[in-house]
Amino acid sequence: MVTPSRVGKTILRYGALVIVLVITAAPLVWMIRVALLPPGASTAISDLLTMNFAIEAFRSVISSESIGRAFFNSALVGLVVTVANVLFCFSVGYALARRNTLPVRLIFWSVVGVLMIPAYITIIPLYVLMVESGLYDSYWALTLPWLVSPIGIFLVKQYLESIPTSMEEAARVDGASDWRIMFTVVMPLCKPALSVLAIQAFFTNWNSFLFPFILTSREELRTLPVALALLQGHQAIDWQRLMAGSTIAVLPVLILFLFLQRHIVEGITAGAVKQ
Amino acid sequence: MKLARSTAVILVMPWVATFAAFWLFPILYSIFLGFTDYELLRPTYDWVGLDNFRALFADQDFLSAIKNTAIFVVGTIPVTTALALLMALLVNKQFPGRDFFRASFFIPSITSMVVVALIFTTLYSRGGYVALLAEMAGVATPANGFLNDSRTALYSIMAMDIWMSSGYYMLIFLAGLKSIPVELYESAEINGAGALRQFWSITLPLLRPTALFIIVINTIKSFQVFVEILVMTKGKFDTSTMVYHIYETGLTTQFRFGYASAAAYILFCIIALFSIVQFILMRRRESW
């Protein structure tokens with residue numbers, strides 16, 4: 001039944017939604033629009049609203065040595081860290097879920113403890129450690145500390161504890177080894193948790209700035225966020241190229257998000273609901 | 001089903017090694033460093049006891065970094081939490097276009113902080129769109145842009161952070177809303193409770209654990225505000241925060257590792273204290 005008050009409520013709801021949408025989307029739309037302006041165009045409203053599009057800024061940014069290299073670095077580091085996280089978080093999470101002895105419980109507490117520790121307080125000792133060990137300013141510094149994450153271990157452990165062990169036991173009765181069971185029986189069962197953690201690992205790494213920034217100094221090792229932040233520090237700031245670079249940095253995440261929305265939402269809420 | 005000990009030892013190795021090398025060691029090492037006068041360019045260093053801590057609390061820059069961090073935490077968290085709840089309520093029930101709105105609200109939080117900071121640097125600049133909007137609303141704008149004025153810089157960065165993170169906490173609120181049994185609303189309906197009454201007596205009390213969880217993780221995150229400060233103001237115009245101060249004293253010009261480690265340790269204690277208090281509140285959720 002359509003009543004006047006109901007119509008009023010719907011209008012109110014959509015009105016509020018549209019206001020929030022405009023506030024949320026405007027800065028990102030602005031970024032893309034500026035990136036697509038022809039060289040020399042101003043960013044006045046009258047220029048933004050015309051159908052004046054050009055891809056010069058993108059072309060110039062992609063062909064520039066620093067951003068192209070940074071894109072490659074971000075992709076490489078992101079890929080390595082993601083694959084390692086899937087493998088290692090699964091391995092550790094599996095052990096924590098299927099063996100309940102005191103040492104294993106202690107290890108679990110170390111995982112929970114690190115989850116609660118603010119990572120940024122370790123910047124000085126981590127910097128000193130990397131310099132002293134000779135890993136500073138290398139791909140090792142960009143990957144080694146992040147190959148296995150506490151949140152990933154936590155996710156796998158919780159997930160494995162929620163599924164029955166009967167299949168593993170059946171495989172054991174059939175004479176399969178621990179390793180065989182782990183990779184051929186348990187890992188496929190764990191796929192939902194592993195895809196959530198893969199996405200999370202990739203996103204976190206792709207957007208990460210502070211540690212890549214302080215643990216490297218050579219231009220060849222810059223990741224995208226670092227390269228963009230330093231590009232901005234340069235004398236004459238060319239906003240079109242800066243926004244084109246930013247768009248390039250956001251695009252992979254945006255595309256992945258559109259395809260994998262469900263997994264991403266699950267990953268974020270999983271941690272929350274368990275509390 | 002129990003794993004053999006030998007297998008388990010191998011399986012947990014990646015974490016044990018990572019934990020020891022990149023968490024336990026740095027944390028213990030930074031406590032030690034905090035009591036020394038270690039600097040990058042000095043060949044030796046000495047144990048100086050509490051000197052660093054004493055110097056820090058007499059250091060005007062550090063004190064203003066604490067003040068700015070406090071303003072940031074206290075100013076953003078209530079607003080972010082309230083907006084996140086509002087957004088969650090707007091997109092909770094099924095309606096045409098719901099998933100589109102949900103996704104759009106969430107997207108800022110998966111964008112890189114550096115990118116967001118760059119976008120807002122241009123929007124906040126002199127003659128930028130925020131100034132334009134403010135002028136249209138008849139509000140006076142700072143002559144050199146919002147980020148180049150100590151009266152507006154920190155608040156502008158805070159507003160950006162709220163813009164960026166509300167969608168993320170909206171998702172967590174949505175999970176909390178989903179866990180409220182529908183029967184509660186049905187019986188409230190039967191007893192003649194209106195929408196507002198249902199919100200105050202059912203939704204809000206049952207969302208308290210979720211809200212507290214959000215406040216805890218946002219507190220840990222907000223105390224560490226750094227990237228946006230570095231990209232947008234480099235700590236100028238009264239925007240330096242605790243992590244920025246650690247970075248500036250420890251990893252630029254003088255590389256005062258000892259001094260910066262002491263500052264990091266103070267920050268650690270503050271965050272730990274807040275987390276413990278919030279966890280005690282969380283445990284007593286019934287009486288809270």
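User: What distance separates the centres of domain 1 of chain A and domain 2 of chain A?

Analyst: The centres, taken over C-alpha atoms, are 33 Å apart. This is a predicted model: local features need pLDDT of at least 70 and side-chain atom pairs count only at pLDDT 80 or more, while totals for chains, interfaces and linings use all residues. Residues are numbered from 1 along each chain as its sequence is written, and chains are lettered from A in the order in which they are written.

User: Where do the bounds of the two domains of chain A lie?

Analyst: Domain 1 covers 4-48 and domain 2 covers 61-273; such bounds come from an automatic or database domain assignment.

User: How many residues of domain 1 of chain A are in contact with domain 2 of chain A?

Analyst: There, 6 residues of domain 1 of chain A meet 6 residues of domain 2 of chain A. Contact here requires C-beta atoms, placed from the backbone, to lie within 7 Å.

User: And how many residues does each chain give to the contact between chain A and chain B?

Analyst: Chain A gives 66 residues and chain B gives 67.

User: Why is Asn92(B) called partly exposed?

Analyst: A residue is buried if 20 or more other C-beta atoms lie within 10 Å of its own, exposed if 12 or fewer, and partly exposed in between, with C-beta atoms placed from the backbone. Asn92(B) has 17 other C-beta atoms within 10 Å, so it is partly exposed.

User: Which residues does Asn92(B) touch, not counting residues up to four places away in sequence?

Analyst: Asn92(B) touches Leu174(B) and Leu177(B). The C-alpha atoms of Asn92(B) and Leu174(B) are separated by 6.5 Å, with the two residues 82 residues apart along the chain.

Conventions
Two residues are in contact if their C-beta atoms, placed from the backbone, lie within 7 Å.
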